[in-house]
Amino acid sequence: MSHSRLTDETLSREEERRLLRAGERLFRSHFPNPDRTGCPGPEVLRTMASRKPSSIPDDFLDHLMHCSPCFVEYDRQLARARRMRRLRTIAACGGLVALIGIAFWFAPGALHSVEQPQVAVEGPSHRTEVVAVLDLRNASQARGGEQATPAEPPLSIPRTATTLQIYLPIGSEEGLYEVGLFRSQDESVIQAQGTAESSNQKMILQINVDLSNVAPGEYALGFRRPEFLWRYQVIEVQ
Amino acid sequence: MGAKTRRLFVLSVLGYSWAEIGRKFGITAHNAEVQFSYGLKKARKRLLGNRPSDRPRSGSEREG
């Protein structure tokens, strides 16, 4: 006999809801099975509840339809499994948000001595220009004769830097400056001059440097207007 | 109600989505829902119909 053709019509939502409620009442109470004949046991019920329906055997489903205690217990385990899945999803999302937040929290700190990403530009001499920014506006410096002991971790610049942009301390004046990188009070590894200019409420002193021959480590960056005392800032060349 | 329709029904009562139920039977969610509705209507007809249609269970009940 040929199959009747299935028409593309389903129950209305209300019909479906009423039917499911009736079905639930039926399965929960109309099959007492007092001897627990054919019951799979609580462990099996728990395992099946955690599985996808595609892996639930048909005979297991058939049993649920004819054993109210198993149906009730399975329904309970299923609700528990769904709750755990929801909690795991929430925890995973929360963990991901926390990780992103931590990444953003720490990322700026790692770049505190370089305000901008190093801009690599091919100059006319075919040497890649790398600009390192040293913000000395709020850092504490030692004056000439004093030990340059920092209160906070030293600022750092990469050895690949070709240009230093120094934001001079608040109150600094425009004009010509001498700049030196000192390994000790009497030993300078770099000497340069530059002109400080005011820009965007910052006093910026820009000098060209070549640190390729400078060994990594801590140095004192000194700067002064001619005939003034040196001011030092401990920096780390990396 | 045929065996497949009953299984469709009990899975639906347990709160599985039609998509999950369809995957179990290798059909789409919509197809699962339609097959269930069809099976239900057939069962209802057999229960409530007064026609002399007490035919023996035929191929239409073979719901694999």
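The accessible surface of chain A is about 15000 Å², and carbon and sulfur atoms contribute 54% of that area. Areas were computed by the Shrake-Rupley method with a 1.4 Å probe, and for residues only the protein chains shown count as cover. The model is predicted: local features need pLDDT of at least 70, side-chain atom pairs count only at pLDDT 80 or more, and totals for chains, interfaces and linings use all residues. Residues are numbered from 1 along each chain as its sequence is written, chains are lettered from A and ligands numbered from 1 in the order in which they are written, and side-chain values use heavy atoms, without hydrogens and water.

Chain A holds 4 helices and 11 strands. These are DSSP runs, numbered from the N terminus (helices H or I, at least four residues; strands E, at least two). Of its 238 residues, 34% are buried. Buried means under 20% relative accessible area, exposed over 50%, and partly exposed in between (1.4 Å probe, protein chains only). Among chain A contacts (heavy atoms within 4.5 Å) with a separation of 6 or more, 64% join residues 24 or more positions apart.

For Cys39(A), the nearest cysteine sulfur belongs to Cys70(A), 3.5 Å away. Cys39(A) is partly exposed, at 24% relative accessibility. For Cys67(A), the nearest cysteine sulfur is that of Cys39(A), at 3.6 Å. Cys67(A) is buried, with 0% relative accessible area.

In chain B, Gly22(B) lies in helix H2, residues 18–25. Gly22(B) is buried, at 0% relative accessible area. Beyond its neighbours within four places in sequence, Gly22(B) contacts Ile27(B), Thr28(B) and Ala32(B). Its C-alpha atom is 8.2 Å from that of Glu33(B), 11 residues apart along the chain.

Note on methods:
A disulfide is a pair of cysteine sulfur atoms within 2.5 Å.
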